[in-house]
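Q: Could you walk me through this one while I have it open? I'd like to go through it piece by piece.

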Amino acid sequence: IALLSEVAGLRVLPAIDPHLSARWHAEFLRNDAHPDRIFTYRLPRAWSYGLAFYAGRELPEWSPAHPESALVLTTPAGMAEMKKLGRVSGAIEEPFKGILYVPAFPAPF
């Protein structure tokens, strides 16, 4: 049983951590060159709170009125809304790990 617990702790839990915890995502974004361009959009409250906790700051909520390009952390439903607004095109080729990283285009003039 101890070996089974050790295997779960070393292999299984780290593999599912990005799907369940904001810690992995906050660490991934920690050294971003433009942290002021990272936003959340329609994330469940638990994800927003978790990101704020692990990032050491609250990430602002993205608005469709935001004029500049941005990296938006959202869900598949949030990305679909962004597509309807014309701020995203194409598909995200990354595996879904609880949060999608969506590059938002600048707002059209």
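**Rings, sheet and a strand residue**

Q: Let's begin with Tyr101: buried or exposed?
A: Tyr101 has a relative accessible area of 11%, so it is buried; please keep in mind throughout that this is a predicted model.

Q: And what about Phe28, is that ring buried or exposed?
A: Phe28 counts as exposed, because its relative accessibility is 54% and the exposed class begins over 50%.

Q: How many aromatic pairs turn up in the whole structure?
A: A search of the whole structure gives four aromatic pairs. In one of them, the rings of Phe28 and Tyr101 have centres 5.5 Å apart and planes at 80 degrees, so this pair is edge-to-face. It connects distant parts of the chain, since Phe28 sits in helix H2 and Tyr101 in strand E3, 73 residues apart.

Q: Which rings make up the cluster with those two?
A: Trp24, Phe28 and Tyr101 are linked into a cluster by ring pairs.

Q: Now the Tyr41 and Trp62 pair, which are buried or exposed?
A: Tyr41 counts as buried at 4% relative accessibility, and Trp62 is likewise buried, with a relative accessible area of 2%.

Q: What is the geometry of the Tyr41 and Trp62 pair?
A: Tyr41 and Trp62 form an edge-to-face aromatic pair, with 5.1 Å from centre to centre and 90 degrees between the planes. This pair also links distant parts of the chain, with Tyr41 in strand E1 and Trp62 in the loop between H3 and E2, 21 residues apart.

Q: Switching to the sheet, what is the strand order?
A: It is an open sheet of three strands in the order E1-E2-E3, and the pairing is mixed. E1 and strand E3 (100-104) are the edge strands, each of them pairing on one side only. Direction ignored, neighbouring strands of this sheet are turned by 35 degrees against each other on average.

Q: How many bridges join E2 to E3?
A: Strand E2 (residues 70-74) is joined to E3 by five bridges, and the two run antiparallel. Within E3, Tyr101 is the bridge partner of Leu73, and Tyr101 is also the ring that forms the pair with Phe28.

Q: Which residues of H2 are buried?
A: The buried residues of helix H2 (residues 22-29) are Ala22, His25, Ala26 and Leu29. Because they cover an arc of only 100 degrees around the axis, they lie on the same side of H2.

Q: Which side chain makes a polar contact with Thr40?
A: The side chain of Glu61 does, through a polar contact of 3.2 Å with the side chain of Thr40.

Q: One last thing, what is the phi of Arg42?
A: Arg42 has a positive phi of about 55 degrees, although it is not a glycine. In general, most residues other than glycine have a negative phi. Arg42 is placed in the loop between strand E1 (38-41) and helix H3 (45-55).

Conventions:
Residues are numbered from 1 along each chain as its sequence is written. This is a predicted model: local features need pLDDT of at least 70, side-chain atom pairs count only at pLDDT 80 or more; totals for chains, interfaces and linings use all residues. Side-chain values use heavy atoms; hydrogens and water are left out. Helices (H or I, at least four residues) and strands (E, at least two) are DSSP runs, numbered from the N terminus. A polar contact is a pair of N or O atoms within 3.5 Å; within protein, one must be able to donate a hydrogen and the other to accept it, and residues adjacent in sequence count only if both atoms are side-chain atoms. Buried means under 20% relative accessible area, exposed over 50%, partly exposed in between (1.4 Å probe, protein chains only). The arc is that of the directions from the helix axis to the C-beta atoms. Two strands pair if DSSP finds at least two bridges between them. Axes are lines fitted to C-alpha atoms, for helices over the stretch in contact, and angles run from 0 to 180 degrees between N-to-C directions. Rings of Phe, Tyr and Trp (its six-membered ring) pair if their centres lie within 6.5 Å; planes under 30 degrees apart count as stacked, over 60 as edge-to-face and the rest as tilted.
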